[in-house]
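User: I'd like to learn how to read a structure from its coordinates. Could you walk me through it, one feature at a time?

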Amino acid sequence: MIEHVAIIGAGFSGTLQAINLLRHEGPRATLIERAPVAGTGLAYGAAHPSHVLNVRAGNMSAFPDDPAHFVRWLEARGVQNAPAAFIPRVTYGEYLRELLEAALKDPSGRLTLVRDEVQDLEVNGGVKVELRDRTLDADAAVLAVGNLPPHDPPGLDPDKLSAERYKGDPWDTTVPENLPDTDTVLIIGTGLTMVDVVLLLDARGFRGRIVALSRRGLLPRPHGLGSDWQKIDERPATTASHLLQAVRGRGDSIGWRNAVDELRPFTQAMWGNASEAERARFLRHLRPWWDVHRHRLAPEVHARLMAVAERGQLEVIAGKTLGFDERTDGIAVQLRRRGADVAETLLAQRIINCTGPLGDLARTQEPLLQKLAARGLIRPDAAHLGIDVDNQGQTIAASGKPNPDLYALGPMTRGAFWEIVAVPDIRTQTWNVARRLSNAHWVGGEGL
């Protein structure tokens, strides 16, 4: 019987896991966080006031069984038209911190927050959690490590570039500092993180040149006005070619936003039923297009981004980097535009890595994950998107057997579920894992 669960990481996934164990009257939990602030993670803890959620508030409740919870929280604070609003991320961070603080004050005392760093885990009929100067015993552990820092771009050796010029972490607080308007900033990556960085530079008053580069030069699309339509009720075919054909056809009749959105109830099942070859084909050819259509921008954010581009400050390039050479006046970046035969040189005074989170265990610099993978306790998924887990969230060892006492949650389980980076998906995952750890998954006949 599980009486104590250790949760490693108190970002969005770990915090909700702890709260849901409490809500299900499950085992006591110890939530372990090494960062100074618990409850928010990078997405909501490192946000600038100008950064807003990319999903309307009506879809951002922390609880799948109470979809209006966040809206009621906003309305109690005077927010008008809350369901349709795109709320500042710092406000959502306040919401999460309040939820965690309330859970920590629960009179049952079943939740404890420990500010420490996990050095290692031993799993053998229970879990030993090694902290800096003590050990915790638990019956099960949950890895909720969130998104890991991005890969360094091809051709770039961070040891050969100064920390002032190259920012490998886009959430580094020094990213917008000490940039005169005569400087050029190169942002590698053109997804949502790039948008955050551009808006941060704009909010700080930077008026120099910004170049954003990715292989295809695709930008996230904006949300449109909400609409009702007759949604599909059957899962589409999982082959990449048939999926593309189906979405294009539906897009012609109901609009591309609706055509993408109506796939949400089926996406995880489609991914789960696809072969490894089909998944690899999707990742190689369709993923960039899926990301920019699926993970969209609030209309006001898109408008601000376009304003920076229209005044000639932001240039978006499709291409790839070939080499980096730091000089006294900046970093000379060798790049080749998509379709070009010859390379060109761009001199940048700052380079910011916005290529997206790292998921490959073979390349991670996270010490705990390195240790667990080296011992074969966890393994990478077939697509090297993160930690391999089964459909219950149990990690899978190098032997191929699931670990019944070690779970993983959130973006690092993308290889198994694909759609597991947004709040609506993670809240359902944490809810389900909490029910299983609380032995509540049998209630209502689910186990019959």
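Analyst: We'll go from the overall fold down to single residues, keeping in mind that this is a predicted model.

User: Let's start with the overall picture. How many helices and strands are in the protein chain?

Analyst: The protein chain has 13 helices and 16 strands. Along the principal axes, its C-alpha atoms fill a box of roughly 65 × 55 × 50 Å.

User: What radius of gyration would a compact globule with 448 residues have, and what does the protein chain have?

Analyst: The idea is to compare the chain with a rule for globules. For 448 residues the rule gives a value near 22 Å, and the protein chain has 22 Å, so the two agree.

User: What share of the residues is buried, and what percentage of the accessible surface belongs to carbon and sulfur atoms?

Analyst: Buried residues account for 51% of the 448. The accessible surface comes to about 20600 Å², and carbon and sulfur atoms hold 49% of that.

User: And how do I read the contacts by sequence separation?

Analyst: Take the contacts between residues at least 6 apart in sequence: here 68% of them join residues at least 24 apart. Arg209 gives you a case to look at. This residue is in strand 10 (residues 209–214), and beyond its neighbours within four places in sequence, its contacts include Gln313, Glu315 and Leu346, along with Asp183, Thr184 and Val185. Arg209 and Glu310 are 101 residues apart in sequence, with their C-alpha atoms 12 Å apart in space.

User: Is Arg209 buried, exposed or partly exposed?

Analyst: Its relative accessibility is 36%, so Arg209 counts as partly exposed. Compare Thr91 in helix 4 (residues 89–104): at 19%, Thr91 counts as buried, since the cut-off for buried is under 20%.

User: What should I look for in a core?

Analyst: In soluble globular proteins, nonpolar side chains tend to be buried together. In this model the largest nonpolar core has 71 residues, and those with the most contacts inside it include Ile7, Phe70, Tyr92 and Ile387. A second, separate core of 24 residues includes Val52, Val175, Leu199 and Leu314.

User: Which residues does Tyr92 touch, not counting those up to four places away in sequence?

Analyst: Tyr92 touches Phe12, Tyr44, Leu53, Met60, Ser61, Ala62, Phe70 and Val423.

User: Where do Asn178 and His384 fall on the accessibility scale?

Analyst: At 62% relative accessibility, Asn178 counts as exposed, whereas His384, at 37%, counts as partly exposed.

Notes
Residues numbered from 1 in each chain as written. Predicted model: local features only at pLDDT ≥ 70, side-chain atom pairs only at ≥ 80, totals over all residues. Heavy atoms only, no water. Helix = DSSP H or I, 4+ residues; strand = E, 2+ residues; numbered from the N terminus. Rg over C-alpha atoms; globule rule 2.2 N^0.38 Å. Buried < 20%, exposed > 50% of the residue type's maximum accessible area, 1.4 Å probe, protein only. Contact = heavy atoms within 4.5 Å. Areas by Shrake-Rupley, 256 points an atom, 1.4 Å probe, with all protein chains shown as cover. Core = buried A, V, L, I, M, F, W, Y, C linked by side-chain atoms within 4.5 Å.
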